[in-house]
Amino acid sequence: MTGKRVLALLLVSLGLACTSPWAKPVWERPPPLPVDAKVVQDDRVHREELPNGVRVLVLEDRRLPAFSLGVVIARGAGVEAPEEAGVAAYTAELMERGAGARTALELAGVVDALGASLQVGAGWDSIAAQVAGLSEDRDALFDVLADVVLRPRFDRDEAERVRSESLAALRQAADDPTTLLNWSFAKTLYAGHRYGLPEEGTQETVARLGADAARAFHRRVFVPGAAIVYASGDVEPEPLLARIRATYGAWQGPRPPDVGAPPPVPERRRVVVVDRPDLGQAQIGVGHDGVARSDPRRLPVQLLNSALGGGGFSSRLMARIRAEEGLTYGIYSQFVQRHRAGPFGVFTFTRVPKVGEVVTGILEELERVRREPPSEQELARVRSQRAGQFALALETSAEVAAALVELDVYGLPRDTLDTYRRRVRAVTVEETSAVARELIDPARSSIVVVGPAETLRAQLEPFGAVEVVAP
Amino acid sequence: MRRGRAASMVLAALLLAAHAYAVPFEDPAARTRVTPFENGLTVLTLEDHTTPVVSLQIWARVGSGDEARFTGLAHLFEHMMFRGSANLGKEQHSRLIEERGGEVNAYTTRDETVYFTNVTPEHLPLVVALEAERLANLDVSEASLADERQVVIEERRFRTENSPDGRMFEALMALSFQAHPYRVPTIGWKSDLEKMSVAECRAFFAEYYAANNLVVSVAGDFQTEELLALLRRHLGGLRSAEQIERNPTEEPEQSGERRAVVYFEVAGPIVAMAWHAPATGHADADALDVASEVLSSGRTSRLYRALVYDRPVALGAAGGFWELARAGVFFAYAQVRPGASADEAEALLQREIERLRSEPVTAAELAKAKRALEVGLIVGQDSSSALASRIAHEWIAFGRVRSLEERLASIRAVTADDVQRVARSWLEPTGRSVVQLLPPPPAADGAKP
């Protein structure tokens, strides 16, 4: 037992012992020190790298007779050219619709009969194929996954069906004001770059997709050098590792494609209204460019963002716009960190007549975080918050496995999780102040609002020339 | 009825458990300990040291189904529980937990209001002290109510008024239930939210937040004896109530189909239908769950095949049994493709419901549906919050924590005849309510749409 752990336990027991009516309430006492334990014990993790570059990770947890197995490819929508936007999501969906000797319905029949799940999904930076079910079905599920990843069929009738569904889903998604805001916010910041288009593509780009495009994309991206095979749950590591070697060891392919061109830096503020005359509540996004996932300033950025708007009721934006002014149900800020620098933004919603007031409040808080960056006291609270959130987010084996896989996706050191809390505690006021000045700029922040243009125009004109666009 | 069924299920569990799974496993909830306090508070504890996380939840047996005058009171009051007390300022409760990396939130349903906190174990004494502080010393003032009322009205706009799904669901419940308080949306009608008074909130607190109307459920990394001592010290002195009022209204039998249309700016319509179904604890529950799975589970399910795959009418379609404390609902809905016909989607949904009534499900469908339910029960049992929720819900709904083995045996006992029988008895055309959410019709010249 380490000295710190003894101290923490002592503090816990003191906390238990001292709570009497005449003692100081527990919330006025300094919080106990967090316990700095290893995230996962070494004997539960089994890793190796196959000669063809496939990385393998198995995490044992025998508590329940369930398991999941997946292949993650460390490339996603970010590698698409703007004119083929959506091909990653399209390919992923089509991989669920027939593989090996089985058609779409036959494949679904095998999975459904086991009460299991099969999902293939694409994000900006990765594509994940996963099966999950009871551990007694692990052999059947292993075979399903291998077919889906290595031998997808891309049948023409299914390709046509998925294209038609995707186009309809895009039309329907545009009914949702939050989706409209996300799409328009990206387009405002990154016009011309892949990041400026929806992750799932547009009507125009998806209409061009078909079986051949999916097959070509699969060939380009599903390559051993980009692949991580992982399993977690009720598994015996050795037999599983042997099967993984036999199945994925012979996989050949070209080098993974580059992660995509960096996005342009938006130089000036734009004020955009997506006109939805029917809405009584407007969706608001305010922001500009941000940082990449591998940026060395990641931790100061995280802590700064928690203090500004990523930390729930403890953050400045929530305290002001919701708790003090009652203007919204929720507000948050976010640095979207991808292989390349994603956007920084503040997102919220409010009743239409209050939009100008809320935008003013957001811009003032952005200015204030530069002028009055988090003090030592504020930073101490945020450090403790992030360290605690970290432990909570790694409660289940599936969560731990996903976090370990993510390190491989971004090529980060293997001990990143174990050193996280220590590194968070080491972040200084100088570092967070520096990133506030370097990375946040209200003057360059674009303002995007979804709502009735007629009423919003006058409220938004003080911030710049208003561009009104159709949804 | 319940007792006889339970005995036969225990027998079935004994017979089936031995060969059910290749790998034997322990149901974590089997170790739940129930400790009644003298003031009527019930404490459920489930100690498990696998990961350094603990979830503490307070379940108040009050939801929107208990509201008599102002709708939305149970939910608005849930917000007020975070607005400060004698010794703490507004939202300070949340801040203290969040600053330690914890998660703290609450939700309200038609039957319950649930406050939950997930933390690393060293912060458990703080969590208990904060719960005790607001339960003993809550401060509901004019100023805090005025702010929070606006927050809730924004929440209502976000979840309901601006949301096609929210509007459809609100209309469906109000149509299916005409008398029962479940007809009212949990978030309340806007006019009631605007008029809610401090006196109303205080009376609600006095009535429903008494010790004997609360259940404390804790799962995860803690020492049971120490925690019980701590809870006793902080919550053992809470007052209890002699009588807790319940809304007496029951839903009269429906004697014909009901229909409604809601206009909303959407490209793709939504069609939804509902039938009255049994309340929690009814013997037909498992068969209705199996019927839900046959309709909705996976790409081989009947509704996916009929509305999404074979005929491209919908982007998604599902059905399900929603079990509530005092009445249940069975629903089916389709997210219609832009440009496709809502009437056709409705006819296809209806055809599949009729099929459940007119012929037994196939052996393969039955096996698949049961398997999906079984897997659903087993996976997801590895987080403290999931376990704390499960044992609290079981305790409130059934007065005991049903074991996984009992649940699995009960599901396995469902036959194809059972599924057809429950479909016939509950999914009658005369008990159906249908809502179509459609794009507004084009306005006539000069008329306002």
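Predicted model: local features only at pLDDT ≥ 70, side-chain atom pairs only at ≥ 80, totals over all residues.
Residues are numbered from 1 along each chain as its sequence is written, and chains are lettered from A in the order in which they are written. Local features need pLDDT of at least 70 and side-chain atom pairs count only at pLDDT 80 or more, whereas totals for chains, interfaces and linings use all residues.

Chain B contains 16 helices and eleven strands, where helices (H or I, at least four residues) and strands (E, at least two) are DSSP runs numbered from the N terminus. The C-alpha trace of chain B spans about 70 × 60 × 40 Å along its principal axes. Of the 449 residues in chain B, 51% are buried, a residue being buried if 20 or more other C-beta atoms, placed from the backbone, lie within 10 Å of its own C-beta atom. Two residues are in contact if their C-beta atoms, placed from the backbone, lie within 7 Å. Among contacts in chain B between residues at least 6 apart in sequence, 81% join residues at least 24 apart.

Domain bounds come from an automatic or database domain assignment, which for chain B gives domain 1 (22–235) and domain 2 (258–438). The centres of these two domains of chain B, taken over C-alpha atoms, are separated by 28 Å. Their contact takes 34 residues from domain 1 of chain B and 32 residues from domain 2 of chain B. On the side of domain 1, helix 6 of chain B supplies the largest share, seven residues. That side comprises 18 nonpolar, ten polar and six charged residues; Ala, Val, Leu, Ile, Met, Phe, Trp, Tyr, Cys and Pro count as nonpolar, Asp, Glu, Lys and Arg as charged, and the others, Gly among them, as polar.

In chain A, the assignment gives domain 1 (1–33), domain 2 (42–248) and domain 3 (271–469). The centres of domain 2 and domain 3 of chain A lie 29 Å apart, taken over C-alpha atoms, and the contact takes 24 residues from domain 2 of chain A and 25 residues from domain 3 of chain A. Helix 6 of chain A provides eight residues, the largest share of the domain 2 side.

The contact between the chains takes 66 residues from chain B and 69 residues from chain A. Helix 5 of chain B contributes the largest share of the chain B side, nine residues. By class, this side has 25 nonpolar, 18 polar and 23 charged residues.

Leaving aside neighbours within four places in sequence, A272(B) is in contact with M168(B), L172(B), F331(B), Y333(B) and V435(B).

Terms used: Buried ≥ 20, exposed ≤ 12 C-beta atoms within 10 Å, placed from the backbone.
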